[in-house]
Every structure is written in structure tokens, then in C-alpha cells.
Amino acid sequence: MAQSGVTVSIEAVHENQIQEVSLDGHETVIPPLSMSECLAKSAQKIDFGEEDEGIEGKQTSEEGTTEKEESAFQPSLWPWDSVRNKLKTSLTEIGVLLDVLNIAKEKKYMAIVQVQQDTSEPKSALQLLAKKKAISLQSICGGLNTAASVLISGAERLKRSQEEKGGVSSHDKFHIELLKLRQNWRLKKVGNSIIGDLSYRSAGSRFWQGGTFEVTKTTSLPSDQEGSTAQQYPLQVVIPSELEGSSYLQLEIKSVPDSMDLMSVTLQVPDGFGRTPLNAHWQSRLDTAQNVLFCKELFAQLAREAVQLKSNVPHVVVSNQIITNIFPGVQLSIVLCHSTGKGDKKTGPHSGKMDHKHVLEHSLHQLLREVHHRTLHLAAPHPVTAPFGMSKRRRLAGPTAMSRSDLKEMSDRSGETLLEQIIKQARHEVLRQRTMSVIDRLAGEIPDPQIMAHWSCLNSPLQSNVKIIITSNGYEGMRVTWQSLDLEIGVDGILVTTKDRRTLKLSFQEKEVEDIIRWQVSQHHIALSQNLARLIGWQVLSYNGCSGVGEMEGFACASSIQLVAPNNDRMLSVRSGPTSGLHVFLKIDSSGNLDPSLSSLVDPKWLNLGGTFRELDLEQIEGRNLATKLELIMAMVNKKR
Amino acid sequence: MGVVCVYTFPVPEGKSGQQVVDSLQRQLELLGAVKTANFSVDCETYQSNNPTGAAQRILHVLHNSEQPASCFAILDNGTTLVADVLFEVLVAKLTQSKSGKDGYYERRKGLKIESKGPRFELSDFIVKIGSVSMASNFKGILVEVEYCPCAIPGECWELMKEMMQSFMGTVVENPPMAVKNKKDQFYTPSDTVAQYLEHFNNFRKAVVNQSPR
């Protein structure tokens with residue numbers, strides 16, 4: 001039966017899956033997928049990431065449909081999310097590609113330029129790396145080198161010590177030197193090091209600065225540069241830096257016309273002094289260091305006393321000098337000269353001689369040593385447990401019932417400071433020098449009587465004695481004619497004792513000594529004349545030790561004598577004064593002029609009342625000194641007529 | 001050390017010691033003396049403690065301000081010791097009673113006597129006017145005159161007598177015993193102290209004599 005238009009419809013079999021069958025027979029059918037759902041399902045099957053495998057993926061997707069259907073029921077993601085993301089990324093990439101193409105084509109804003117460094121970049125990295133490696137290699141090399149050198153030197157040392165045949169090894173040498181060192185210095189071991197003491201503490205010093213030195217073994221190898229003359233000691237001493245170099249105390253006395261002369265006392269340390277080389281023997285180095293310490297202590301004590309002492313004359317302390325006036329116009333300066341020995345080699349200008357008083361410097365050293373001694377040693381007897389106490393004199397003061405004035409004097413004398421003592425010694429030194437120079441000068445200037453000075457060989461730093469004897473040459477046998485003078489030179493002045501035991505006190509002026517000697521010279525002339533007259537036979541009419549007539553002398557007084565010949569016809573008058581000099585007058589009587597007829601009336605002795613004195617020119621008369629001249633005069637004049 | 005003479009100056013009835021001292025002082029100042037300082041001489045007495053009952057010895061310890069470093073110890077028989085002032089410490093130790101036993105010496109209390117007053121200097125002379133007191137009771141006046149340049153009493157006694165008589169009057173007639181005995185020997189400070197001790201003993205005896213009255 002063919003009818004017109006038979007509709008043939010093709011329908012899918014409504015074979016939907018039955019989800020569940022309820023108990024009442026009702027079937028719950030899973031609704032069939034809508035068209036969008038079907039498409040989503042299919043789209044999910046497509047894997048855009050894998051191009052080649054996409055087809056395969058499709059093929060396998062039909063097999064995995066059921067699995068995918070189950071995954072489609074996952075509620076979290078929107079099914080097109082991954083698709084969207086993938087499409088976005090592909091869009092971005094295509095946009096970039098488009099931009100690049102545009103840039104390449106249009107060249108308006110950007111242009112593609114060949115980058116040249118691209119090739120080198122990989123190369124510099126390599127270079128840096130290489131450099132680093134080289135540096136590290138170098139440092140390692142260097143480190144290894146030093147290590148090698150240390151090891152080699154150590155090995156050499158060991159080899160040397162092993163090699164020494166016979167003889168003492170250096171280790172033993174060190175100990176032998178150490179033994180010698182211990183014989184002279186105090187050492188003690190502190191930890192790993194050996195420390196010594198070079199201060200005077202054990203000798204009684206109380207100085208704040210201590211000197212400790214360290215003893216070390218010589219570790220450095222003998223260097224060939226210094227030559228074979230430099231001796232290598234197994235022992236080295238390390239001296240504290242403030243005691244390096246050497247120092248000495250310089251004492252100078254000079255006369256300044258006005259007040260103190262502060263400017264001229266500048267340090268004039270002779271250069272090249274105080275440079276003990278480092279490899280000098282340890283004994284000399286320690287000695288100089290100890291000397292430095294001693295000088296420091298000495299100067300510190302003097303400076304402290306100079307500041308604290310209350311005296312009439314102010315003492316000036318300027319850095320390393322102490323200046324004071326010991327007499328008006330005479331200045332004493334004490335300078336501490338310390339050269340560290342590290343200075344440059346240029347020599348300073350040596351303006352003027354340095355007039356050190358070495359004896360006084362030595363005396364300063366002795367005084368400080370005495371102070372040290374006194375702190376340690378107390379006069380016996382005292383118990384061993386009492387190291388300090390009274391002096392012997394004070395201890396005896398009780399039993400000897402010393403009065404208050406005695407005690408006061410004792411305390412004054414024992415409390416003398418170092419500065420006072422040295423000033424006293426300096427004053428005495430000045431006085432003695434001056435007296436010496438005056439006597440010597442006068443002995444040269446005055447030819448007529450001889451001036452002899454006998455200095456006592458027993459002196460003390462504060463007192464000297466001298467005996468001055470004035471005689472005439474050739475007539476020393478006549479002891480009576482001698483004029484002698486005793487001078488006792490003390491600290492402040494001079495005590496003069498004349499022949500007739502008169503005492504005079506002189507001050508420090510040089511002129512006073514000169515005056516006294518000149519006066520004694522004039523006295524000698526007259527005494528000589530007197531004795532000569534006695535010997536020859538002339539008679540002394542008058543002797544005047546201190547004549548008040550005639551011109552006045554500048555100082556002291558003149559003396560005169562009148563002598564008359566044995567036959568009474570000649571008269572000599574001698575007058576001698578310290579400033580007016582020596583004058584000899586002669587009077588010859590005029591008996592020859594008398595009328596011979598009168599001579600029987602008049603006694604000859606009255607004849608010599610008249611006549612005038614006439615001065616004799618002593619220069620013309622032969623003779624070495626007054627004695628010979630007078631003798632000649634008297635002999636000539638006395639000639640028998 | 002010169003020669004020293006110590007005399008008691010009598011205090012007339014009715015006058016106080018201070019008045020006499022003042023008058024003497026005025027006289028000296030008229031002579032031209034200059035007051036230099038004060039002086040003091042004191043004496044303490046110790047008695048020995050002999051447990052066996054042997055004779056008791058008396059020890060006097062004196063100080064003189066003229067010899068400040070010394071201490072004088074005089075026994076009853078006249079033996080004198082001149083020592084440092086630390087001797088007092090030794091005596092104190094001897095006086096101490098230790099571990100139950102009594103000390104060797106015992107201090108006699110109430111017998112400390114001293115002479116204090118001004119000291120004048122008149123060129124070569126030193127004159128001291130001392131008021132003697134025992135336990136703050138005034139006992140009398142002691143005048144001491146020292147002539148410094150000479151140390152032998154025989155040679156200067158006459159001069160001293162004349163000088164003393166000028167302000168003390170007839171009190172001074174005979175030299176003190178210590179001076180008389182040593183006419184030709186050197187005079188020592190212990191002699192001065194002996195003189196003082198004699199006077200002190202007299203003063204003490206005078207008290208004893210007067211007290212029963």
C-alpha cells in the first residue's frame with residue numbers, strides 16, 4: 001500500500017537509562033541529554049593541547065564516554081572553563097605574534113635590531129668564573145708558600161741544632177747566658193715569660209716608676225747583611241719603652257749679670273749619645289736603662305723639692321730644668337738630658353762650651369744613694385722587726401739630756417733636702433774656684449814678694465782650707481818676715497785668720513780676697529825691712545803698722561818704717577800700702593856742708609836732724625825684690641867715707 | 001748646759017702665791033728679761049712591791065721641759081738614770097699587775113708634784129719662776145736660775161749669787177747642795193733634777209708636818 005507521502009520518521013529508541021525503579025513499579029528514567037549537554041560532552045572529549053593525539057582522543061572518547069558522562073556530573077566546575085582558558089592563551093599568543101609581525105613590518109615605534117652581546121654574554125660569565133678561580137688559586141698558592149717557608153725555616157733550625165757537632169746547643173747556650181744574667185739581676189718566672197726588675201726598689205728607692213724587663217730567647221736567624229762583626233747573643237732583653245735610650249743629669253754653674261737667664265739653658269745633648277744598638281750586650285742595655293731610671297728619680301726628687309721648698313731665692317722648674325740663683329749673679333741649673341736614641345742623625349749646634357760640673361753631678365748621685373740607704377738601714381741597735389725608727393742621734397738625745405735648742409738644731413740638720421745639699425756644695429764650689437783664681441792671678445801679677453798657696457789635701461764638699469804664704473825670694477830663711485794667711489772657705493763665706501790670729505769674715509766677693517792679699521803684701525814689705533835692718537845693723541827708729549798719715553788707701557791701711565844707719569848719718573824711710581804701693585825715701589844729712597869750725601862745738605849726732613827725704617827710684621836700683629834692693633841701698637849708703 | 005741653782009722663795013704671810021710670782025716677774029722685767037715660754041718640772045713617785053718583805057725602794061720619775069727628750073729616774077739612794085721619754089712606758093709596764101700577780105712597782109697616788117711657770121731669758125741667764133702644786137694645792141714657789149756659758153759651778157757661783165740677790169734678796173746665801181758638791185766638776189742636767197727633787201721632798205714633808213695640826 002503506497003499512499004502519498006508516507007511519513008517515515010526515524011526516531012531514536014527511547015532507550016533511556018533507568019535510574020531507579022521504585023517499589024511501586026514506577027520507573028525513574030534518566031532524562032536524555034539535551035542538545036547543549038550533548039555538545040558539551042563532546043567538546044569535553046576534545047583535547048586541544050594534543051594535536052596529534054586529538055583524533056585518537058576522539059576515538060577513545062567514544063569508549064570513554066561513560067566515564068566522561070560520569071565526570072560531567074561533577075558539580076564544581078563550569079564545563080567550559082578549561083576550554084575558555086585554553087582559548088585565551090591561544091588568543092594571547094596570536095596577539096603577540098601579530099604585534100611582532102606588525103613591528104617587523106611597520107618599523108614605526110620599534111625596530112628589530114640585532115643584539116650583538118648575545119654572543120659574548122655566555123663568554124664573560126665564563127671569564128669571571130675563570131678569574132675567580134685564578135684569584136683563589138693564587139691565594140691558595142700564597143698561603144701554601146708561607147706555610148712552606150715557615151716549615152722550611154723550622155726544619156732548618158732543627159737541622160742546625162741537630163748538626164752542631166760537639167759544642168753546646170743553642171738551647172743550652174741560652175741557659176748559660178740566663179745563669180749569667182741571674183748573677184747580676186733579679187729575675188722571676190711569671191707564667192711563660194721571665195720578668196726581671198731593674199729598678200732600685202730593693203736598694204731602698206720609693207720611686208713610683210718601676211722598671212721591669214723581659215728576657216726572651218733570640219729567635220731571629222743571623223742575618224748576613226749586618227756582617228760577621230755583629231755578635232749574636234742567645235738572650236735578648238726587652239726594655240720598657242720609657243726607659244729606652246740613655247740619660248744623664250747636667251749641672252751647670254754660670255754667672256749671669258742680671259737675674260736668671262732662662263733662655264740660654266737649652267738642651268744640648270751631644271748627638272750619637274745614647275744610641276745603644278739593639279744587639280748590644282744585655283748587660284750594657286740593662287745598665288743604661290737603670291741609669292735612665294735613676295736619673296729620672298733624681299730629677300723628680302729635685303723638682304719636687306724645688307717646688308715645695310720655701311727659701312729666699314725662688315727656684316724655677318721648667319720641664320726638665322731646675323734653675324736657681326746660688327749667689328747674686330751666679331746661677332745654678334740642673335738639666336735632665338734624656339735621649340731616646342731613636343732620633344735623627346743631624347747634630348745640633350754646639351754653641352759654647354758645656355761647662356758641666358761633673359763632680360757635683362756625681363755628688364748628686366751619691367746623695368740619692370744615701371737617701372736610699374737611709375730608708376733601708378736604720379742605725380743599730382734596733383730590733384729586727386722594726387725597720388724604721390729614730391736616728392742614732394735622736395735616740396741618744398734622751399740619755400744625754402739634750403736641751404731644746406740642741407734638739408731643734410739636730411732636726412734642722414737631718415731634715416736637709418737633696419736640693420739644699422747640692423746648692424750648698426755648689427756654693428762652696430763657686431767660692432773655692434773664685435778664691436783659687438784670685439790667688440793664682442795675684443801670684444802672677446805681683447812679682448816682688450812671692451805668693452804661695454798651700455791647699456789642704458783633706459777637704460769636704462762643704463769646706464776647704466788654704467794657707468797663703470808671702471815671702472821674698474832668697475830671704476825665706478827669715479821666717480819672721482813671712483806673712484801667712486789662713487783661709488777657711490765654707491759655704492757662704494770665707495774666714496780669714498791672719499798671722500797675729502785676727503779673724504776676718506769675707507763674703508763671696510772676689511775683690512775682698514784680693515784686697516786682703518794685697519794688704520798682706522804691703523805688710524810683708526815693712527816686716528822685711530825691719531828684719532833686714534836688724535840683720536845689717538841699722539836701727540829701727542819707728543815702725544808703724546797702720547799709719548794714719550799720708551794719702552788714704554782705697555782699703556786697709558799703709559804701714560811704714562824708719563831706719564837709721566849705724567853711724568847716724570843716713571836715714572831710710574819705707575812706706576808701703578796696698579793701693580799706694582811701695583816708696584823708699586832716703587835722707588842724707590848735710591854734715592859735709594857745715595863749717596868745719598863748728599864741728600867741735602856741735603855733736604855729730606845733732607847733724608842729722610836736718611836734711612830732706614828724697615825718694616829713690618826703685619826701678620833703677622839693681623835687685624830682684626825689695627830685700628835685695630834694700631840691702632844694696634843700705635850697703636852703698638853705709639860705705640865708709 | 002750651764003749651771004743651775006734652784007731656790008725656794010718664801011711666801012710671806014698674808015700674800016698669795018700668785019702675788020709673789022707677779023712681783024718677781026715685774027722685777028725681772030725691770031731688769032730687762034724677756035719672757036720666752038712656759039716651763040714645767042714634775043715628779044711622780046713609785047714604790048717597789050717586794051713580796052718577800054725586803055726593804056722597800058722608792059723610785060722618783062721626773063720630767064724637765066728644758067730637756068724634752070729625756071726622763072730622769074732617781075732612786076732613794078741618789079742613783080740617777082737619764083733616759084729617753086719612753087722610759088715612762090717601761091715603768092708603766094712594771095707597775096701593771098698581770099695575771100693575778102701585782103706589778104713590781106706600785107704608783108704612790110697623791111704624790112705627784114709639779115712646778116710650773118714662766119721662763120725668762122736675760123742675756124746669758126735663764127730664770128724660771130715656778131709655782132709648786134701637788135694635786136692642785138699650791139705649795140710654794142721655786143725659782144731656778146741658769147747661767148748658760150759656764151759649766152763648772154766653782155767658777156760662776158759668785159756671779160750667779162750676785163745676780164740672784166739682785167731680785168731675790170737674802171734668800172740666796174749658800175749654794176744648793178748639788179752645786180756645792182760639784183764645785184770643780186762639770187755640771188749636768190741630772191744635778192738640776194736632783195735639786196728639784198730635794199725641794200719637792202721638802203714640800204711633801206711640809207704637808208705631812210702640817211696636816212696633824
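Visitor: How many residue pairs are in polar contact across the interface of chain B and chain A?
Guide: Three, with both residues of each pair at pLDDT 80 or more. Keep in mind that this is a predicted model.

Visitor: OK, and which elements of chain B give two or more residues to the side that touches chain A?
Guide: Two strands of chain B do that: S4, covering 70-75, and S5, covering 80-84.

Visitor: Which gives the most?
Guide: That's S5(B), which puts three residues into the side touching chain A.

Visitor: How many salt bridges does the rule find across the interface?
Guide: One. The partners are B:Asp84 and A:Arg394, and their closest N and O atoms sit 3.1 Å apart.

Visitor: How many residues are in contact on each chain?
Guide: Chain B brings 12 residues and chain A brings 11. Together the two chains bury about 820 Å² between them, and 58% of that comes from carbon and sulfur atoms.

Visitor: Switching to chain A itself: how many helices and strands are there?
Guide: Chain A has 13 helices and 20 strands.

Visitor: And what share of its residues count as buried?
Guide: 32% of the 641 residues in chain A. As for its surface, chain A exposes about 42,200 Å², with carbon and sulfur atoms supplying 56% of that.

Visitor: What about contacts between residues 24 or more positions apart in chain A?
Guide: Those make up 59% of the chain A contacts that have a separation of 6 or more.

Conventions
Residues numbered from 1 in each chain as written. Chains lettered and ligands numbered in written order. Predicted model: local features only at pLDDT ≥ 70, side-chain atom pairs only at ≥ 80, totals over all residues. Heavy atoms only, no water. Helix = DSSP H or I, 4+ residues; strand = E, 2+ residues; numbered from the N terminus. Buried < 20%, exposed > 50% of the residue type's maximum accessible area, 1.4 Å probe, protein only. Contact = heavy atoms within 4.5 Å. Areas by Shrake-Rupley, 256 points an atom, 1.4 Å probe, with all protein chains shown as cover. Buried area = accessible area lost by both parts, 1.4 Å probe. Salt bridge = Lys/Arg side-chain N within 4 Å of Asp/Glu carboxyl O. Polar contact = N/O pair within 3.5 Å; in protein donor to acceptor, adjacent residues only side chain to side chain.
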